[in-house]
Amino acid sequence: MLNDKNTAPSIGYDRLRISTDGEGITTLFCFWGCPLKCKYCLNPHSWKIRKNVKEFTPRQLVELTSIDNLYFLATGGGVTFGGGEPLLYPMFIKEFNDLAGQEWNINVETSLNVPMESLRIVADFVHHYIVDIKDMDNDIYKRYTGKSNEQVLKNLKWLVKEVGADKITVRVPHIPDFNTSDDVKHSIELLKKEFGITNIDQFKYHIVKKI
Ligand code: SF4
């Protein structure tokens with residue numbers, strides 16, 4: 001889904017984040033909309049009902065984020081696009097980058113479950129990709145997200161070849177009731193051996209179960 005009007009809906013942004021989603025000090029900008037329906041999604045308001053959503057143009061966002069220009073320059077930081085799924089809006093991100101200049105680092109937090117064309121549009125300038133892989137096993141992935149991971153794996157392979165593994169961090173979660181420690185180990189082995197991924201962040205979802 002390419003947005004040719006070049007405005008994009010957002011559920012909000014968060015300034016002055018330190019080394020949580022990219023180098024240095026960053027602003028996290030969250031788009032509305034996601035192709036997946038993860039069972040333990042922490043941001044369901046980013047794709048469920050379109051409520052409390054604000055439309056931005058790239059220029060408006062540059063003006064808004066420029067307030068932290070000095071912090072970005074001093075720390076090697078910049079703007080991280082998350083969501084929802086930021087790669088539903090590649091033209092917005094491209095125009096933002098064109099307007100912002102070369103000094104800010106642009107990062108994306110993505111599931112990679114998007115058309116490859118979206119990746120091609122941003123591949124020249126994105127500084128770092130934080131990929132939420134869920135699980136490498138397609139059955140587990142489908143049960144957890146409602147979609148196949150076929151496109152994710154194609155995109156990951158392409159991305160490693162195109163931009164290099166050092167620009168990619170893959171997050172591999174332990175997902176209660178969906179994968180086991182052996183599944184996580186298997187995902188990590190595949191990522192290393194078959195995809196050449198070197199930056200891997202293994203972590204656990206903490207789920208509060210309703211009584
Ligand atoms: S990819 Fe992220 S935003 Fe989308 S449903 Fe899954 S956890 Fe939620």
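**View A. The end of helix H7.** Helices here are DSSP runs of H or I with at least four residues, strands are runs of E with at least two, and both are numbered from the N terminus. The end C-alpha atoms of H7 are 20 Å apart, which agrees with the 21 Å that its 15 residues should span at 1.5 Å a residue; the expected span is 1.5 Å times one less than the number of residues.

This is a predicted model, in which local features need pLDDT of at least 70 and side-chain atom pairs count only at pLDDT 80 or more, while totals for chains, interfaces and linings use all residues. Residues are numbered from 1 along each chain as its sequence is written.

View B. H6 covers residues 150-163. Its buried residues (20 or more other C-beta atoms within 10 Å of their own, C-beta atoms being placed from the backbone) are Val152, Asn155, Leu156 and Leu159. They lie on the same side of H6 because they cover an arc of only 105 degrees around the axis, taken from the directions from the helix axis to the C-beta atoms. Glu150 and Lys161, exposed residues (12 or fewer such atoms), sit on the face turned away from the buried side.

**View C. Beyond helix H6.** Just after H6, Gly164 has a positive phi of about 95 degrees.

**View D. Around the ligand.** The ligand is surrounded by 13 residues, each with its backbone-placed C-beta atom within 6 Å. The closest are Cys34, Leu36, Cys38, Cys41 and Ser111.
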